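Student: Hi! I'd like to go through this structure together. Can we start with the overall picture and then look at the details?

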Amino acid sequence: AHAADEVAQDFVQYSLDDYARRRRGALRWRDLQPAYAFALVTHAADWPRGSADTEAELAAHWEQSRGESRLGWEKVRGVIEDAWLALDRMPTAAVHVRAG
């Protein structure tokens with residue numbers, strides 16, 4: 001679990017840094033935080049990226065899980081894709097938490 005904790009911390013730091021970079025005017029933490037959480041969950045579940053079918057599914061899934069975020073899929077898509085790329089660079093053991 002130690003490695004997973006480290007990656008979780010890495011991703012928390014990434015999220016905070018990314019938010020600081022994007023925080024222009026209207027974007028608030030409550031708008032972006034669900035996008036980071038969404039990226040983490042979909043990345044861990046190995047959702048396929050880049051197909052039209054998946055795009056519609058991801059958009060629908062975002063609508064269900066966006067919580068207090070005021071951002072639609074078109075607005076958060078880039079944030080989520082950037083987060084996926086960041087997660088790709090983190091150790092797999094950290095991102096894919098397996099019981100056992």
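Tutor: Happy to; we'll take the overall fold, then the helices, the core and some single residues.

Student: What happens over residues 96–100?

Tutor: There pLDDT stays under 50, and the model has four contacts beyond four places in sequence for residues 96–100. Where pLDDT is low, the predicted coordinates should not be read in detail.

Student: What is the span of α4, end to end?

Tutor: From its first C-alpha to its last, α4 reaches 21 Å with 16 residues, close to the 22 Å expected at 1.5 Å a residue.

Student: Now α3. Which of its residues are buried, and which are exposed?

Tutor: Thr-54, Leu-58, Ala-59 and Trp-62 are the buried ones in α3. Their arc around the axis is only 135 degrees, which puts them on the same side of α3. On the other side of α3, you'll find Ala-52, Asp-53, Ala-56 and Gln-64 exposed.

Student: Why would residues three or four places apart point the same way?

Tutor: An α-helix has 3.6 residues a turn, so residues at that spacing point the same way.

Student: What covers the buried residues of α3?

Tutor: The cover includes α2 (29–44) and α4 (73–88).

Student: And what comes just after α3?

Tutor: Gly-67, which takes a positive phi of about 60 degrees. Just after α2, Asp-46 also takes a positive phi of about 60 degrees.

Student: Let's switch to the core. How many residues does the largest nonpolar core have?

Tutor: It has 21 residues, and those with the most contacts inside it are Phe-11, Tyr-14, Tyr-36, Trp-62, Trp-73, Val-76 and Ile-80. At least two residues of this core come from each of α1 (2–22), α2, α3 and α4. The largest share, eight residues, is supplied by α4.

Student: Tyr-36 is in that list. What does Tyr-36 touch?

Tutor: Leaving out residues up to four places away in sequence, Tyr-36 touches Phe-11, Tyr-14, Ser-15, Asp-18, Tyr-19, Arg-22, Trp-29 and Val-79.

Student: Tyr-19 shows up there. Is Tyr-19 buried or exposed?

Tutor: Tyr-19, found in helix α1, has 12% relative accessibility and therefore counts as buried. Beyond four places in sequence, Tyr-19 touches Leu-27, Arg-28, Trp-29, Leu-32 and Tyr-36.

Student: How far apart are Tyr-19 and Trp-29 in space?

Tutor: They are 7.2 Å apart, C-alpha to C-alpha, and 10 residues apart in sequence.

Student: Back to α2, then. Which residues of α2 are buried?

Tutor: The buried residues of α2 are Asp-31, Leu-32, Pro-34, Ala-35, Tyr-36, Phe-38, Ala-39, Thr-42 and His-43. Thr-42 has a relative accessible area of 1%, and His-43 counts as buried at 9% relative accessibility.

Student: What does Thr-42 touch?

Tutor: Not counting residues up to four places away in sequence, Thr-42 touches Trp-47, Leu-58, His-61 and Trp-84.

Student: And how far is His-43 from Ala-83?

Tutor: The two are 40 residues apart in sequence and 9.0 Å apart in space, C-alpha to C-alpha.

Student: Last topic, the whole chain: what share of it is buried?

Tutor: Buried residues make up 36% of its 100 residues. The chain exposes about 6,200 Å², with carbon and sulfur atoms supplying 52% of that area. Of the contacts between residues at least 6 apart in sequence, 63% join residues at least 24 apart.

Conventions: Residues numbered from 1 in each chain as written. Predicted model: local features only at pLDDT ≥ 70, side-chain atom pairs only at ≥ 80, totals over all residues. Heavy atoms only, no water. Buried < 20%, exposed > 50% of the residue type's maximum accessible area, 1.4 Å probe, protein only. Helix = DSSP H or I, 4+ residues; strand = E, 2+ residues; numbered from the N terminus. Arc of directions from axis to C-beta. Contact = heavy atoms within 4.5 Å. Core = buried A, V, L, I, M, F, W, Y, C linked by side-chain atoms within 4.5 Å. Areas by Shrake-Rupley, 256 points an atom, 1.4 Å probe, with all protein chains shown as cover. pLDDT = per-residue confidence, 0-100. Expected span 1.5 Å × (residues − 1).
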